[in-house]
Amino acid sequence: MLDTARRHEFRVLVAAKPSLPLLLTAGRLAGSLRRVPRIGWVSADPVVARRILNDPAHFTLLGEGGVGHLWAQVLGDWVNEIFDGPGHHQLRSRTRDLFTDENARQLTDRVIGPRLAQAGAELAGGRAVDIADLGRVLVGRIVADLLQLRVADRDDAYREIFAVGEELAALALGTTTSTHLTPETIARAKVIVARLTVNVAEAWRTAAPETVLGRCRDLGIDQRQAEGLSTLLMVAGTETAASAMARTVAILHDTGAQHRLRADPSLLPDAVREGLRVTSPAPVIGRAVAADVTVEGQRLRAGERVLMLTWTANNAAGAFDLDRGYLPDQRQLWFGAGRHLCLGAPVARAEITGLLQTLLAPGRAWRIRERRYRRNVLIPSYAHLPLRLARH
Ligand code: HEM
C-alpha cells in the first residue's frame with residue numbers, strides 16, 4: 001500500500017515537470033553540497049540547508065536565483081527593502097504574531113468552515129467530492145478574505161481567484177536556471193497584482209482589527225508593506241496549500257492510514273505533519289550567495305546560486321508513517337527555515353486539519369477510483385481527485 005502512495009506521488013511530480021523527479025531523486029547524490037553545471041550549488045541535506053537558510057549574512061533571496069529578485073522586477077525596487085535585510089527583519093518582527101495556531105484556526109473556521117461542512121454533507125449523502133477542486137476553492141476563499149476581495153459567494157469566483165494567484169506564481173516557472181523576467185512577463189504580472197490587491201490599501205485603512213489587514217495596520221505595518229505582504233501571502237499560500245490538502249488525502253487513502261486516524265483522532269497532528277513532510281509542496285528553495293563563504297569545506301563565491309532540495313531532504317527520512325514522530329534534522333523544513341520561514345505555516349496547518357477533520361468523521365471511510373495529476377505547474381498537485389464513501 002505504501003508503494004501505491006509513492007507511485008502516485010511520483011506521478012504527481014512527473015506531471016508537474018517531467019525533469020522534477022530526476023532532480024529530486026538524483027539530487028540525493030548531491031549529498032551535503034555539490035556544484036552542478038547550469039544549476040549552481042545543490043544541497044539535499046536538511047542540516048546544511050537549514051544552516052544556509054539561517055545565514056542571512058552570506059545568503060539572500062534578493063540576488064539572481066532568489067524569489068526576491070523576481071518580485072523586485074514586478075513590484076519595484078522597494079521590494080528589496082522588505083524582502084530581505086533590515087527591512088524584512090523589521091517586517092517579520094512586527095508580523096511575528098500575525099498568524100498563530102489559535103487565530104489561524106479561527107480564520108479557517110470562519111472562512112472555510114461552512115464550505116467544509118457542505119462538502120462533508122455531500123460525501124455523507126453518497127456524492128463524490130473532488131478534493132483537488134475543493135482545495136482550490138477553500139484556498140481561494142482564504143485569499144479573498146486576506147486580501148478583502150469582494151466577490152460573489154460562489155465556488156466559481158473562488159476558483160478564479162485561485163487561478164489568478166496561480167498565474168502569478170507561474171512566473172517563477174523556469175526559474176531553476178534564471179530569475180530574469182522578460183518585459184512582457186513583468187507587464188502581465190503587474191496587471192495581476194493590481195487586480196488582486198485592488199482593495200488592500202482601503203482595507204489597510206479601514207478594516208476591523210480582527211481581519212488580517214486590520215491586524216497588519218495595528219502591528220505598525222505601513223500601507224506599502226501591507227500591499228507587498230498581501231502579494232506574498234497570495235503567491236506563497238495558494239498552490240502550496242491546495243497541493244498539500246489533496247496529496248495528503250490521497251496518501252491517507254493509498255496507505256490505508258485513514259482507517260487508523262478515524263479510530264484514533266489524536267493522531268491528526270501526526271498525519272498533518274507527515275503529509276507536509278512527504279509532499280513538501282515547495283520542493284526546492286533557492287538563494288543567491290551574497291558574500292564569499294565556506295560551507296562543508298567548499299568555497300562559495302558571491303553571485304553564485306544555491307538550490308536546496310527540501311523535498312529530497314525531507315523524504316530521505318522515509319515514507320509516510322503516522323508513527324514517525326518529530327524529526328530533529330528536518331524539523332519543519334517543508335516550511336523553510338530561518339528568517340523566511342513560512343509566515344502562513346499556522347494557516348496551512350489549520351486548512352489541512354480542517355479538511356481532514358471533515359473527511360475523517362465517523363462512518364465516512366472513502367475510496368478513490370480515479371485521479372488526474374496537474375500538468376506543467378510550479379507546485380505539483382492533483383487536477384482531479386474524487387472521493388466517495390466506500391460503500392457507494
Ligand atoms: C502547505 C502549504 C505551504 C507550504 C509548503 C509553504 C512553504 C513555504 C516555504 C518553503 C517558504 C520559504 C521560502 C524561502 O525561504 O524562500 C514560505 C514562505 C512564505 N509563506 Fe508559505 N507555505 C505554505 C502555505 C502558506 C500560506 C497558507 C501562506 C499565507 C497565508 C503562506 C505565506 C508565506 C509567506 C508570506 C512567505 C514569505 C516569508 C518571508 O519571506 O519572510 N504560506 N512558505
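The protein chain shows about 16,400 Å² of accessible surface, and 53% of that belongs to carbon and sulfur atoms (areas come from the Shrake-Rupley method with a 1.4 Å probe, and for residues only the protein chains shown count as cover). Keep in mind that this is a predicted model, where local features need pLDDT of at least 70, side-chain atom pairs count only at pLDDT 80 or more, and totals for chains, interfaces and linings use all residues. Residues are numbered from 1 along each chain as its sequence is written, and side-chain values use heavy atoms, with hydrogens and water left out.

**Overall build**
- You'll find 18 helices and 12 strands in the protein chain; these are DSSP runs numbered from the N terminus, with helices being H or I of at least four residues and strands being E of at least two.
- The radius of gyration is 20 Å, close to the 21 Å that the globule rule gives for 392 residues, so the chain is as compact as a globular protein of that length (the radius is taken over C-alpha atoms, and the rule is 2.2 Å times the number of residues to the power 0.38).
- Along its principal axes, the C-alpha trace spans about 60 × 50 × 35 Å.
- Of the 392 residues, 57% count as buried, which is to say under 20% relative accessible area, with exposed being over 50% and partly exposed in between (1.4 Å probe, protein chains only).

- Strand 2 (residues 40-43) runs parallel to strand 8 (residues 305-308), joined by 3 bridges, and Val42 stands opposite Leu307 in strand 8.

**A look at Ile285**
- Ile285 belongs to strand 5 (residues 285-289) and counts as buried, at 16% relative accessibility.
- Setting aside neighbours within four places in sequence, Ile285 is in contact (heavy atoms within 4.5 Å) with residues including Leu53, Val306 and Gly336.
- Ile285 and Leu61 are 224 residues apart along the chain, yet their C-alpha atoms are separated by 9.4 Å.

**Strand 12 and its partners**
- Strand 4 (residues 129-130) is joined to strand 12 (residues 386-389) by 2 bridges, running antiparallel, and Val129 stands opposite Leu387.
- Strand 9 (residues 366-367) also pairs with strand 12 in the antiparallel sense, over 2 bridges, with Arg367 standing opposite Arg388.

Methods
Two strands pair if DSSP finds at least two bridges between them.
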